[in-house]
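Have the sequence and the 3D view open as you read.

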Amino acid sequence: MEAIFYIAAIVAVLATVLTVTRLNPVHALLYLTVSLLAVAVVFYTLGAPFMAALEVVIYAGAIMVLFVFVVMLLNLGRHTVDLERSWLSPGAFVGPAILAAILVGEVSYLLARSGTLTPPVAEVGPHQVALALYGPYLLGVELASFLLLGALVGAYHVGSRRAQGRTTVGSRSDRTGLASGGDLVRTGADRPSGAA
Amino acid sequence: MSSADFTALLPLIVLSATSVVVMLAIAFHRNHRLTVLLSFAGLALSFWALWPAASVVPLQVTPLLVIDRFSLYYFGLIFAATAAIVLMSYGYLERHDVRREEFYILVLVAALGCCVLVAADHFISFFLGLEILSVTLYALSAYLTEREISLEAGMKYLVLAAASAAFLLFGMALVYASTGTMAFPQIANDLLSGGAAHIWVLAGVAFMVTGFGFKLAVVPFHLWTPDVYQGAPAPVTALVASISKGAMFAVLLRFFYQSGARDLHSTLLIFAIIAIASMIVGNLLALFQNNVKRILAYSSIAHLGYLLVAFEAGGKMGAAAGTFYLTAYVITTLGAFGVIAALSSSGRDAEDIEDYRGLFWRRPVIATIFTAMLFSLAGIPLTAGFLGKFYTVAAGASSALWSMIFVLVVASVIGVFYYLRVVIAIFATENVPSDAERPLPAVHAVGGATLLALAVVLIWLGVFPHPVLDAIHKAVSGLF
């Protein structure tokens, strides 16, 4: 069990480092998916099968799909279709596939030996998680809902098209800045007042 | 949860309910004035709820939050400061062509995050409070989406705050891994019984110091401060500078006092280095700025350094001196950024030092208020800032922190120079621009009244601090 933990942990670290260092967003997302799956295996070996399932369903499933959708939806036009094709060249899959294969090997080993391996600590099932969340940590759940409220209102405001103001879309062209394209974010160097 | 628990949480419940009510009100009837009224009424009601809560404290409400006099004092400070921010935002946002109403939901949720931070005595509530605060601050910094510099501020804050939260989380994980608990008082049991601190605890505390240091914007974690201060809308800068840092300082006191991590020799050494570096670097960099927002940003770095001197002094006296200093600092920064907000036009904030040239001859009242705020920041007698510095030095002296006091005094002298630069510009008689050259917006009545009230409190606290000091002494006794 310990060996499985360490292998999965190494895979997670490797995949995360590769996620951070990839310049291409789609390649980074592939590695991020592998990293999340590896963390799920780590959770399982630590006696938290419920957390492992959640990790796969929520992170590797729902959130990653959302990421991929956004990346794909943002890029429109002929040029980007070609670009995407080049991103998804077979070579790009080799790294994530190898790491994922290691995880598959681990999981199939665990399945084959099911029942004979005991986790080093007591298992925490959905029952205990639910009792903890709605017992002592009830306030934590409520606070998390306010975290989401703040994030939702913030994203709604910053992301909304009408955030440009009560002017119509047509009058946006006379504004400098956003409409003129280029970088949204100026670096510190060309501030008028001079950055320290 | 018993009824006493609900009574103790009443201020937080009222505040949360206010943000929901404001959101629903916006959904049904979008009206700026109504939103401001509702937000202010909710904050006033939360403030009132402190008295019922005070009758049941100290009380541990679930493992996550502890409501004691220390929490209640900081709740009061946060509610009052948020109310001032709401009022000064009214006139500021009226001039801007954006959706104005959501601003107040975000401010209320940010205040909730601050309250959770000061009441947290558990890693989970600490982190949740911090994230509630950070997430709303990202959106608030970028609130004026038509300004590139505002978007830049939001983006910068997002990236750096996320990275620092990762450090904090990793530190918490290390402390948890070696002590097996996430509640601050229980960490102390483990730390004190174990004799020499375990290397993992030390590493964990070091990571946590990084997270604290970022939020407090102390050297060497200060690089985001001037850019975010400059880019964020002036009322948001007031929020970042006042209650965000205030709540972080409160949780710093609570964590390091209650978990026993303050008794580690290396913690004190790290904070001594950070405090001295912040005082020197903050003041020196402020000398070279021509932008008032950036001057205040660098000065805030220095002020947090002074605050850490009180933290270093330790004991009841250090905690009380730090809390008083913070109270004075919150009032002063609110006033200073309130003046900037009041004088800002729709295109840009009044942040250039030239914007203030000869202000006294054009707008005498607001110029006098700004001067009072700057004198308080410089620590000139009769203002709250002077007394704050006085108590901090006294606390430092009682713990024989002579080298830090020496740096504090020298740094304060340097500080006077750049505050006076702004004051001299305000009172300059030469080259005073006419209204045609540099038009000044009319000061909004609500914002003006708020500023006047802040100035009165500032002077009142400077000459007659005893009621507040008594409250603070009662409050900090809850930490021990």
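## Chain A at a glance

The C-alpha centres of domain 1 and domain 2 of chain A are 25 Å apart. Domain 1 of chain A covers 1–123 and domain 2 covers 125–162, with bounds that come from an automatic or database domain assignment. Please keep in mind that this is a predicted model, in which local features need pLDDT of at least 70, side-chain atom pairs count only at pLDDT 80 or more, and totals for chains, interfaces and linings use all residues. Residues are numbered from 1 along each chain as its sequence is written, chains are lettered from A and ligands numbered from 1 in the order in which they are written, and side-chain values use heavy atoms, with hydrogens and water left out.

Which secondary structure does chain A have? Chain A has seven helices and zero strands, and its elements run α-α-α-α-α-α-α from the N terminus on. Helices here are DSSP runs of H or I with at least four residues, strands are runs of E with at least two, and both are numbered from the N terminus. Of the 196 residues in chain A, 27% are buried, where buried means under 20% relative accessible area, exposed over 50% and partly exposed in between, using a 1.4 Å probe and protein chains only. Among contacts in chain A between residues at least 6 apart in sequence, 64% join residues at least 24 apart; a contact means heavy atoms within 4.5 Å.

## Two helix pairs in chain B

Two packed helices are described by the angle between their axes and the distance between the axes. The axes are lines fitted to C-alpha atoms, for helices over the stretch in contact, and the angles run from 0 to 180 degrees between N-to-C directions. In chain B, helix α4 (residues 69–94) and helix α14 (residues 315–343) have axes that come within 10 Å and cross at roughly 5°. That makes α4(B) roughly parallel to α14(B); angles under 35 degrees count as roughly parallel, over 145 as roughly antiparallel, 65 to 115 as roughly perpendicular and the rest as oblique. On the α4(B) side, the contact includes F70(B), Y73(B), L77(B) and M88(B), and on the α14(B) side it includes L326(B), V330(B) and L334(B). The residues of this contact of α4(B) with α14(B) divide into 13 nonpolar, three polar and no charged. In this count, Ala, Val, Leu, Ile, Met, Phe, Trp, Tyr, Cys and Pro are nonpolar, Asp, Glu, Lys and Arg are charged, and the others, Gly among them, are polar.

Now turn to helix α6 (residues 123–141) and helix α11 (residues 234–258) of chain B, which pack at an angle of about 170° with their axes 11 Å apart. That makes α6(B) roughly antiparallel to α11(B). Here F123(B), F126(B) and L130(B) are among the residues of α6(B) that meet α11(B), whose side includes M248(B), V251(B) and F255(B). The contact of α6(B) with α11(B) divides into twelve nonpolar residues, two polar and no charged.

## A glycine in helix α4

Is G76(B) buried or exposed? G76(B) is found in helix α4 of chain B and is buried, with a relative accessible area of 7%. Leaving aside neighbours within four places in sequence, G76(B) is in contact with F47(B) and L50(B).

## Cysteines

A disulfide is a covalent bond between the sulfur atoms of two cysteines.

## Backbone details in the loops

T62(B) is not a glycine, although its phi is positive, about 55°. T62(B) is found in the loop between β1 and β2 (65–67) of chain B and counts as buried at 16% relative accessibility. A400(B), a residue other than glycine, has a positive phi near 60°. A400(B) is placed in the loop between α17 (384–398) and α18 (402–427) of chain B, and at 47% relative accessibility A400(B) counts as partly exposed.
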